[in-house]
Structures are given as structure tokens and as C-alpha cells.
Amino acid sequence: MNDRITAERSFGNRFFVAAVSLVLVTVLYGLVADRLEAPVAQAERAHVAVRLAELRSAVLLMQATMVAANDWSSASQYEGSNPMHWLDLEPGQGQYQGEMSLEEARNAKGKWVFDPSRKVIAYQPQSNDWWPQQQAPALPWLQFRVVGLRSEDSPQEIKALTLVSVTGADKQEGGTLAIEPSK
């Protein structure tokens, strides 16, 4: 009996102890989460930069193949193509989800997808820190497209391939979101 009274005096009300513990854990979590947010965002930006470098390298390699063969006749077929195929990535590898519309992949935060209708390779950031004034656009994706560069002398002929950034415009045209090149 003395042991029970001693235990009750030592630990007091168990609900009070549980509540204080929960408050302490919540406060500590808040402090740690704030400090970890910046490194996680930096890691995500580094991941995107590395993947973009890989994609640009794949585009340059495709261009080098055409230069080596001295055959630019097939260059137009590469405009708007999926550069993930050139990296030999299958869906599910390296955070690449595959080919689907951006609307279908709306829950693919931190993933890459290729939208065949828009002809863009896109990445959905895990946070809205990527967008100005913390406001994500209607389609919160970083979008890139393979385009052919043409000379002024002969605009029909492609002289080079490159990967460019595109943005989702806020205006609706014909029921779909217009995508225009960024400036």
C-alpha cells in the first residue's frame, strides 16, 4: 500500500504527465522541423539541377549523333519528344513516373512525368517555395520541352536541339491551359 501511495505522489496525475509530454514533443518537433526545412529544400533543388543536367546532356548527345552522321533530316521528330527515353529510364526508376497528363499526376510531388499532349517533361516540387510570393500556379509543375533551333537563313531546317523551360499560363484557351515559352 505504501508503494502505491509513493508511486502516486512521485508521478502525480498520469494524464497531466501525458499532456506535458505531448506539449514538449510538439514544441521540439516544431523547432526541428523549421531547421530541417531549408536543407530539405536545398536538397530538392540540387536533385532537380542534377536531373536537368542529365536531360540536357541527353539532348546534346542526340544532337551529336545527328552531327556525326551529318543528317539533320530527322531532327524535327525529336521536337517535343521525351528525353527520359534517351536516358533509358523506365517508369518507376529515378523518380520518373512515366508518361501521363499533368492532371493525372497531380499527386506526384517530387516526381518527374512526361505529358505527351503538352510534350513537356515536368517536375512537381514538394513545396511551394519554388513559386513567387508562395503562390503555386494552377499547374504547379516545372516544365521543360525539347525544341529545335532554326537558323534565320532557312527557318524550316533545324540546326540544333535544346531543352527549354516552359511555364503554364493562367489563361484558358479552348478548355486547356495554354503553355507558353518562358522569357
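Mentor: Glu54 and Arg51 both lie in helix 2 (residues 14-69), where they are three residues apart, about one turn of the helix; helices here are DSSP runs of H or I with at least four residues, strands are runs of E with at least two, and both are numbered from the N terminus. Before going further, please keep in mind that this is a predicted model, in which local features need pLDDT of at least 70 and side-chain atom pairs count only at pLDDT 80 or more, while totals for chains, interfaces and linings use all residues. Residues are numbered from 1 along each chain as its sequence is written, and side-chain values use heavy atoms, with hydrogens and water left out.

The side chains of Glu54 and Arg51 meet in a salt bridge at 2.6 Å, N to O, a term that stands for a side-chain nitrogen of Lys or Arg within 4 Å of a carboxyl oxygen of Asp or Glu. By this rule the model has four salt bridges. Arg51 is buried, with a relative accessible area of 10%, whereas Glu54 is partly exposed at 33%; buried means under 20% relative accessible area, exposed means over 50%, and partly exposed lies in between, for a 1.4 Å probe and protein chains only.

Another of the salt bridges joins Arg150 and Glu79, whose closest N and O atoms are 3.0 Å apart. Arg150 belongs to strand 4 (residues 142-150) and Glu79 to the loop between helix 2 and helix 3 (83-86), so this pair ties together parts that are 71 residues apart in sequence. Arg150 is partly exposed, with a relative accessible area of 39%, and Glu79 is also partly exposed, at 24%.

A further salt bridge is formed by the side chains of Asp115 and Arg118, at 2.6 Å, N to O, and salt bridges that share partners join Glu103, Asp115 and Arg118 into one network. Both Asp115 and Arg118 are buried.

Asp115 also leads us into strand 2 (residues 112-115), from which Val113 and Asp115 point one way and Trp112 and Phe114 the other, all of them buried. Strand 2 pairs with strand 1 (residues 96-99) in the parallel sense over two bridges, pairing being assigned if DSSP finds at least two bridges between two strands, and Tyr96 stands opposite Trp112. Strand 2 runs antiparallel to strand 3 (residues 120-123), to which four bridges join it, with Ile121 as the bridge partner of Phe114. In the hairpin of strand 2 and strand 3, which has four residues between the strands, Lys119 takes a positive phi near 60°.
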